[in-house]
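Have the structure open beside you as you read.

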Amino acid sequence: MKQNDIDNQLRELLKKELPSERRDPWFVRKTMNRLPQKATPLLSRWERLAYSLSALILVILWCVTAVNIITNPVLTVSALMQPVILTIISLILIGAVAIPYLRRN
């Protein structure tokens with residue numbers, strides 16, 4: 001018996017024994033709805049760029065503030081307010097990056 005004959009016999013046997021495919025038009029949609037969602041990146045390229053630039057600006061501002069406090073002989077209210085404001089801005093930036101990550105996991 002040739003290989004083609006065996007293949008044809010198996011094909012016919014499977015056609016007889018297996019149930020036919022569904023003709024339900026909603027079947028594909030139901031099946032697709034059960035599949036897990038595609039993984040999306042946590043941050044887009046533009047968000048990463050914006051957060052990186054923000055972090056760079058914050059580091060520069062922290063350095064400038066530290067130099068101003070160290071080099072000035074007198075501490076003023078504005079010199080003390082700069083670290084407080086920078087701390088608040090830093091916490092907001094950290095929260096903006098961390099909260100979406102924590103919500104996703």
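A crossing of two helices is called left-handed if the near helix is turned anticlockwise from the far one by less than a right angle, and right-handed if clockwise. Keep that in mind while we look at the overall layout of this predicted model.

The protein chain has four helices and zero strands, so read from the N terminus its elements run α-α-α-α. Of its 105 residues, 8% are buried.

Now turn to helix α3, residues 45-71, and helix α4, residues 77-104. Their axes come within 10 Å and cross at roughly 160°. Angles over 145 degrees count as roughly antiparallel, and α3 and α4 are therefore roughly antiparallel to each other. As for handedness, the crossing of α3 and α4 is left-handed.

Is L53 buried, partly exposed or exposed? Its relative accessibility is 45%, which is why L53 counts as partly exposed; that class covers the range between 20% and 50%.

Note on methods:
Residues are numbered from 1 along each chain as its sequence is written. This is a predicted model: local features need pLDDT of at least 70, side-chain atom pairs count only at pLDDT 80 or more; totals for chains, interfaces and linings use all residues. Side-chain values use heavy atoms; hydrogens and water are left out. Helices (H or I, at least four residues) and strands (E, at least two) are DSSP runs, numbered from the N terminus. Buried means under 20% relative accessible area, exposed over 50%, partly exposed in between (1.4 Å probe, protein chains only). Axes are lines fitted to C-alpha atoms, for helices over the stretch in contact, and angles run from 0 to 180 degrees between N-to-C directions. Angles under 35 degrees count as roughly parallel, over 145 as roughly antiparallel, 65 to 115 as roughly perpendicular and the rest as oblique.
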